[in-house]
Amino acid sequence: MSAETPTPRPVRQRGQEWHAYHALALLPTIGMLGGLPFANRVYPLVLGLPFLIAWLVGWVIATSALMACILMLDRARGLASDRVPGELPETGQSATGPSEGAP
Amino acid sequence: MTVSLAILGAVFAIAITLGLLAQRGHAMTLEQWSVGGRGFGSMFVFLLMAGEIYTTFTFLGGSGWAYGKGAPALYILCYLTLAYSLSYFLLPAIWRYAQERRLVSQADFFIAKYESQALGMLVALVGVAALIPYLVLQLKGLGIIVSEASYGAISPATAMWSGTAALVGYVVVSGVRGSAWTAALKDGMILVIVVVMGIYLPYHYYGGYGAMFETIDRAKPGFLTLPGAGMSPAWFISTVLLTSLGVYVWPQFFAGVYTARSENVFRKNAVMLPLYQLVVLFVFFVGFAATLAVPGLTGSDADLSLFRIAKQTFAPWAVGMIGAAGLLTALVPGSMLLITAATILAKNVYGVIAPSSSDHTIGLVARAMVPVLALFSLLLTLHGGQAIVALLLMGYNVVTQLFPALVLSLGHKPRISATAALAGILAGELTVASITLSGASVATLAPSLPQVVKDLNVGVIALAVNVTVIALVSLLTRQRPATESRSTANAAVPA
């Protein structure tokens, strides 16, 4: 059951809202490429794959998981809605006053 | 042999039919034709985005690299993954802006952001210059695939002519809807075929993955790791970073982005696509299996390794299926490239030269451009010779030069002037051209530098020149912006 959010938030207008957890999206780049000099080996094989391949595959899977976490956290904050323009009356792109959600 | 021909023909016919039927129930305005009326849900956008993964380049080139070069091939897996993590933030921003202004091309985006027609024209020309070699690559791949899968019964030239004719037909009629429908067929086929081959071949020839890689490591020591020099970790990292930035400045990708119905589509795709593209791994397994099973292919013949091992292993009907899937990997991306290039030429070149033309006229011009572009690319493919190879190598570096200007435009207002963006792109492109045409690499330009620096992808230099010029021009032309910020309720500041 989606409970009411405890603090009234303004309805988000547009533009990216940044949170600390968005930094998770940097982990694949740092981990996959940063670990490369150490992961550049054949043995030990992991599930039959050379270590280098296993390392990269592991990071690909981790990327999906991390992006899923970010999506869930964004959803929890109402930052990733399935808003379809046209269905909701949108305030245009110019400053027509902040269309606040009912406090 | 006749079986494989029949299968190739049948799938070809199904693809054309699907492509032609795709337009039913939609009046083909320019917006419908180029960006599907912005009505595609997650599934279609997913397929269009994923379409980038299985081009002929990955199908033939991915297995070819694994076959000929070994571990460096893995960069393909990495750059796509990193591109998807970036897409989570980048694409909703692009989509939102484009949707509000009903943009249909990449150049439109730059024109609107920088309020500069000149910049738009430059972006349009850069886009088309990069798209045509890419299209040539697809046609070349199509020729190879069909002639291999038909056991030589159909010549590459015949295959390219008929493939191009089909492409023109359904692209003119259905636009991007045709691409989306055929993409569904393509991904279904390729998924099954690649996974089956990637699992079966290692077991058939070596008895399993572990045994395969141990055998390869014994026969070719160092093949399964990145070498110390040349395609070293430094090369790998710089190439992955460069190409992952480059993915989203390809003009056809912008078009794919515009087709979405809502921005959330991209966030969901950013979660799913890394997993989905893991299937590329099986393409590599085919290439690795082929290194010892069908040895002796060198140079560009390495790209034939997938078909050679398939023909040595499977019955003709299976080879026909593989060929048919390969055929689709050329047609679907090819159709996106054609639509995008035609839209750019009609909207951002013709439309600028003849500013009074109506949307209807521009739509007609766009469709009229399709056969022209297709024929031009086909002739380049058939008669281009060595020059194409240079162009192809340039393609990625050419579009990547648009990246700084794109990112710097994403805020509320562009952070640099149109002049700076223009100068940066021009400087970057000139660097790319001179480096590519002279065949230089970081090693030849600066032989005294340490190996790590020498192995950097040469595209890094062009990007550095680009950014430097942007910074210089911005400093030189700095002025107090008099008309400041139409203050839109900025979301970054919670009210």
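**Exercise 1.** Which residues of H13(B) are buried?

*Solution.* Start with the conventions. Residues are numbered from 1 along each chain as written, and chains are lettered from A in the order in which they are written. This is a predicted model: local features need pLDDT of at least 70, side-chain atom pairs count only at pLDDT 80 or more, and totals for chains, interfaces and linings use all residues.

Apply the burial test: 20 or more other C-beta atoms, placed from the backbone, within 10 Å of the residue's own. B:Asn264, B:Val265, B:Phe266, B:Arg267, B:Asn269, B:Ala270, B:Val271, B:Leu273 and B:Pro274 are buried.

**Exercise 2.** Check the span of helix H13 of chain B, then locate its bend.

*Solution.* Helices are DSSP runs (H or I, at least four residues), numbered from the N terminus. Helix H13 covers residues 264-276, 13 residues. Expected span is 1.5 Å times one less than the number of residues. That gives 18 Å; the end C-alpha atoms are 18 Å apart, so the two agree.

Now the bend, the angle between axes fitted to the seven residues ending at a residue and the seven starting there. H13(B) bends by about 35° at B:Ala270. B:Pro274 follows within four residues.

**Exercise 3.** What do the buried residues of H13(B) pack against?

*Solution.* Contact means C-beta atoms, placed from the backbone, within 7 Å. In chain A, the partner is helix H3 (51-76). In chain B, the partners are helix H3 (42-50) and helix H5 (75-101).

**Exercise 4.** Describe chain A.

*Solution.* Count elements: three helices, zero strands. Then burial: 22% of its 103 residues count as buried.

Definitions and conventions
Helix = DSSP H or I, 4+ residues; strand = E, 2+ residues; numbered from the N terminus. Buried ≥ 20, exposed ≤ 12 C-beta atoms within 10 Å, placed from the backbone. Contact = placed C-beta atoms within 7 Å.
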